[in-house]
Amino acid sequence: MNYRHGYHAGNFADVVKHIALVAILLHLKKKDTAFAVIDSHAGRGRYDLTGAEAGKTGEAEAGIGRLRDDFSGTVPEALATYLPLVRENNAFYPGSPLIAAKLLRPQDRLTAIEKHPEEFAMLKETLAPFRKAQAEEGDGYRRTVKLLPPPSRRGLVLMDPPFEAPDEFSLLAQTVREAWRKFATGIYLVWYPVKSQAQAAGFAGEVLAGGMEKVLEIQTAIPAAEGKLARAGLLVINPPYGFEAGMGQAASLIAPRLGADISVKWLAGAP
Ligand SMILES: C[S@@+](CC[C@H](N)C(=O)[O-])C[C@H]1O[C@@H](n2cnc3c(N)ncnc32)[C@H](O)[C@@H]1O
């Protein structure tokens, strides 16, 4: 386990993933009924943008760093909620568990799982002020399946592994399918690197073979140096009503700033 998200926190892929996360949470909050969030690969929850890791790659500067100035005109709700959250302290970038913890209501619950002991220790500290959030040390794949369905029967599962292991794509696809079998009405947000369209399509195909009926894919590409991540994907299973339109509007605002190309397309269940 050598992966450290600190090198990549706040980069173009994090920005799009976290706007999608916020969009889903805002949707879930439209009803008073409680919901659960499971973050299977949570990371430390808070990243120092002035530190050595961020400085070494410059990825945050080319990502969230380009969204510091306000947008003019109408800004979609998810982007309008995300921006002040990440601008609260420009020296730190909030990871997915902290973004979720900040948006949850007293009746909602977050379980954030992290395997790396040092990252977990930081995660525990980051989430300590939030009573509705629980940090768990362990394997996010196994724990997620065990935790489903959540007692509230509403919620989001975020799966964002580091893709260090050679079998990570198939382990992820298999776990998403297993999780969905136990909680078919849940919303799933699944991140993956796109090294080639053939690999991405193969992965999506393996997930969709589980039988999900509504699946959206978001791909974000940037011009990147050789050997650097240039394209990232998100599968959104059971995207909420209006999600596609909201993400499309957010994409059209942030893409020019990031120098990115962002596409949103249905893989299953196009309306
Ligand atoms: C891409 S980072 C997560 C970033 C985070 N979701 C965010 O958006 O802020 C992946 C994390 O998964 C952790 N990890 C690796 N293998 C794991 C496993 N089997 N279970 C849980 N966490 C794991 C890594 O230590 C790393 O912190």
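1. Asn238, at 18% relative accessibility, counts as buried, because buried means under 20% relative accessible area, while over 50% is exposed and values in between are partly exposed (1.4 Å probe, protein chains only). Asn238 sits in the loop between strand S9 (231–237) and helix H10 (243–258), where helices (H or I, at least four residues) and strands (E, at least two) are DSSP runs, numbered from the N terminus. The phi of Asn238 is near 55°, a positive value in a residue other than glycine.

2. A word on the basis of these values: this is a predicted model, in which local features need pLDDT of at least 70 and side-chain atom pairs count only at pLDDT 80 or more, whereas totals for chains, interfaces and linings use all residues. Residues are numbered from 1 along each chain as its sequence is written, and side-chain values use heavy atoms, with hydrogens and water left out.

3. The loop between H7 and S6 holds Arg153, which has a positive phi of about 60° although it is not a glycine. Arg153 counts as exposed, at 53% relative accessibility. Pro149 also lies in the loop between H7 and strand S6 (155–159), and the peptide bond that leads from Leu148 to Pro149 is cis, with omega near -5°.

4. Helix H7 (residues 140–147) packs with helix H8 (residues 168–182) at an angle of about 10°, and their axes are 9 Å apart; axes here are lines fitted to C-alpha atoms, for helices over the stretch in contact, and angles run from 0 to 180 degrees between N-to-C directions. H7 and H8 are therefore roughly parallel to each other, since angles under 35 degrees count as roughly parallel, over 145 as roughly antiparallel, 65 to 115 as roughly perpendicular and the rest as oblique. On the H7 side, Tyr141, Val145 and Lys146 meet residues of H8, among them Leu171, Leu172 and Ala179, with contact meaning heavy atoms within 4.5 Å. By class, this contact of H7 with H8 has five nonpolar, one polar and four charged residues, where Ala, Val, Leu, Ile, Met, Phe, Trp, Tyr, Cys and Pro count as nonpolar, Asp, Glu, Lys and Arg as charged, and the others, Gly among them, as polar.

5. Glu136, in strand S5 (residues 133–137), counts as buried at 17% relative accessibility. The side chain of Glu136 makes a polar contact of 2.6 Å with the side chain of Arg143; such a contact is a pair of N or O atoms within 3.5 Å, and within protein one must be able to donate a hydrogen and the other to accept it, while residues adjacent in sequence count only if both atoms are side-chain atoms. Not counting residues up to four places away in sequence, Glu136 touches several residues, including Thr111, Ile113 and Phe120.

6. Around the ligand there are 18 residues, and the closest are His18, Glu114, Asp139, Gly140 and Asp160; a residue is near a molecule if one of its heavy atoms lies within 4 Å of it. A polar side-chain atom of His18 is 2.8 Å from an oxygen atom of the ligand, and a polar backbone atom of Gly140 is 2.7 Å from a nitrogen atom of the ligand.

7. Ala54, placed in helix H2 (residues 52–57), is buried, with a relative accessible area of 7%. Leaving aside neighbours within four places in sequence, Ala54 is in contact with Gly6, Asp48, Leu49 and Glu59.
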